[in-house]
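You asked for a quick read-through before you start clicking around. Here are some notes, point by point, to keep beside the viewer.

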Amino acid sequence: MLAMNYRGPYRVRADHKPEPEIEHPEDAIVRVTRSCICGSDLHLYHGLVPDTRIGTTFGHEFTGVIEEVGPGVHNLKVGDRVLVPFNVFCGSCFFCQRELFSNCHNVNPEASAVGGIYGYSHTTGGYDGGQAEYVRVPMANVGPTIIPADMDEDDAVLLTDAFPTGYQAAEMGDIDEGDTVVVFGAGPVGLFAAKSAWLLGAGRVIVVDHVDYRLEFAQKFAQCETVNFRYVDDMAIHIKKLTDGMGADVCIDAVGAEAAGNFMQTLTGVRLKLQGGAATVLHWCINCVRKGGVVSIVGVYGPTFNAMPIGNAVNKGLTLRMNQASVKRHLPRLIEHIQAGRIKPSDIITHRIPLEEVADAYHIFSSKLDNCIKTILVPPRARVSMS
Ligand SMILES: NC(=O)c1ccc[n+]([C@@H]2O[C@H](COP(=O)([O-])OP(=O)(O)OC[C@H]3O[C@@H](n4cnc5c(N)ncnc54)[C@H](O)[C@@H]3O)[C@@H](O)[C@H]2O)c1
Ligand SMILES: [Zn+2]
Ligand SMILES: [Zn+2]
């Protein structure tokens, strides 16, 4: 089959690989019809995630059709149209029982923090991902979700990560009616966080980035105010000026380890890898939020320490919330929002690229060329069935 193949930092290509097989009675094989490239894939692509092995296939946002099921799969049948949450999870451990699916205890023997993620290095379990024609889906009774008959698959694929992650970012902000919410990052996750902040009652939403086309897009998609940090000397002072000296009620980090904006942070966090990524946005969140406010972090960082002002957070009495999103928990509510017409996730899709051209697709998204916001990779067979 055709699949994305990681060859080393900044080097990916489409290759032929053996088709996946059922390895456990509760596995399913999904024939992929759409897969996305996520901002998290860029951390892999840039060589920043430990134990990213040559030859692996990325891709944790995908939809498809059930091609085959193991004898222990009862909730799905061949031919079902499914969206597959990016988390691999068991559904029954201590953590899954508490709907902390991203922290499942049974799917990643390598780690005690994060659970399993498709196509995200051996630090998250070593599962091959969905930027391929076929993918093995373990624990298929609990993860995959049938796509509602009236739902466009372009909307469905954004329910596997970007929309639920943005929603969880806003939800962890514990937004009160009328709150001012500042979202750092105008990528797909930041855009959905901004949109979700309104759904959860925000009175004002401000999105910060330095890429003009993304800020313009944010204004249209999420009806928010925007700040280009290239023109701001001191972010904390700037946000205070915008909020009568108070600071924001909630700050959301939808950027993570590769944040721009501070030379020393980039040098120590990205170039020299002395900390688990640049902590620029962690600083900005802690310093821009008001006393007693909430900082919600969904941006991804490395497992080692980060140089962040924890003393300020203590003295300001902040609540810090963070996690990888637990996608499945949010699906019923988010499907309802889509069906009620309150949001059209597929509006953020700017590129639809054949899987064969995966190298170009990564380059365009990574370098922010051609006004790219979200890219969908389409395997050859899915293109035939679409036309
Ligand atoms: N927690 C989760 O479950 C989860 C899920 C998906 C993605 N993520 C993470 O969320 C982050 C965003 O993902 P994405 O797909 O939107 O990625 P993206 O790369 O498309 O977007 C990141 C945006 O941040 C901007 N940026 C860089 N430095 C900034 C700064 N200092 N202040 C404000 N903006 C800045 C970039 O210009 C870019 O537009 C990534 O770190 C990704 O790994 C986490
Ligand atoms: Zn992702
Ligand atoms: Zn579990």
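## Notes on the fold and the ligand site

1. β4 and strand β5 (residues 81–84) pair in the antiparallel sense, over four bridges. If you want a spot to look at, Val65 has Arg81 of β5 as its bridge partner. Keep in mind throughout that this is a predicted model.

2. On to another pairing of β4. Strand β3 (residues 28–37) and strand β4 (residues 62–69) are also antiparallel, and seven bridges hold the pair together. Here Val30 has Ile66 in β4 as its bridge partner.

3. Now zoom out to the whole chain. Where the two touch, domain 1 puts in 22 residues and domain 2 puts in 19 residues. On the domain 1 side, α1 and α11 (327–339) are the elements that give two or more residues. That side has ten nonpolar, seven polar and five charged residues.

4. Which residues come nearest to ligand 1? Of the 33 residues around the ligand, Gly39, Ser40, Gly187, Gly256 and Val300 do. Two or more residues of this shell come from each of α1 (39–45), α5 (188–199), β11 (204–209) and α9 (280–288). The biggest giver is α1, with four residues. Both domains take part: the shell draws at least three residues from each of domain 1 and domain 2. By class, the shell has 17 nonpolar, 13 polar and three charged residues.

5. Next, the six-stranded sheet. This is an open sheet with parallel pairing, and the strand order is β12-β11-β10-β13-β14-β15. Why does one side of β12 (225–228) and of β15 (319–322) lack a neighbour in the sheet? Both stand at the edges and each has a single partner strand, so one side of each stays without a neighbour. On average, neighbouring strands here are turned by 20° against each other, direction ignored.

6. A closer look at one end of that sheet. β11 and β12 run parallel and are joined by four bridges, and Val207 stands opposite Thr226 in β12. Helix α6 (residues 212–222) lies across β11 and β12, running at about 160° to β11. Another helix, α9, packs on the sheet and touches β10 (180–184), β13 and β14 (289–297). The direction of α9 makes about 170° with that of β13.

7. You'll find Val250 in strand β13 (residues 248–253). Is Val250 buried or exposed? Val250 counts as buried because it has 30 C-beta neighbours inside 10 Å, and the cut-off for buried is 20 or more. Leaving out residues up to four places away in sequence, Val250 touches Gly173, Ile175, Asp179, Val181, Val289, Gly293, Val294 and Ser296. For a sense of scale, Val250 and His24 are 44 Å apart, C-alpha to C-alpha, and 226 residues apart in sequence.

8. Helix α4 (residues 162–172) deserves a look too. How many of the residues of α4 are buried? Eleven of its eleven residues are, among them Phe163, Tyr167, Gln168 and Glu171. The cover over them includes α5, β13, β14, β15 and α11. Just after α4, Asp174 takes a positive phi of about 50°.

9. Tyr10 is not a glycine, yet has a positive phi of about 65°. Tyr10 is in the loop between β1 (2–8) and β2 (11–16). Tyr10 is exposed, because 12 other C-beta atoms lie within 10 Å and 12 or fewer counts as exposed. Met139 is not a glycine either, and its phi is positive at about 50°. The loop between β8 (134–137) and β9 (145–146) holds Met139. Met139 is buried, with 23 other C-beta atoms within 10 Å.

Methods
Residues numbered from 1 in each chain as written. Chains lettered and ligands numbered in written order. Predicted model: local features only at pLDDT ≥ 70, side-chain atom pairs only at ≥ 80, totals over all residues. Near = placed C-beta within 6 Å. Nonpolar A, V, L, I, M, F, W, Y, C, P; charged D, E, K, R; others polar. Domains from an automatic or database assignment. Contact = placed C-beta atoms within 7 Å. Pairing = 2+ DSSP bridges. Axes fitted to C-alpha atoms, helices over the stretch in contact; angles between N-to-C directions.
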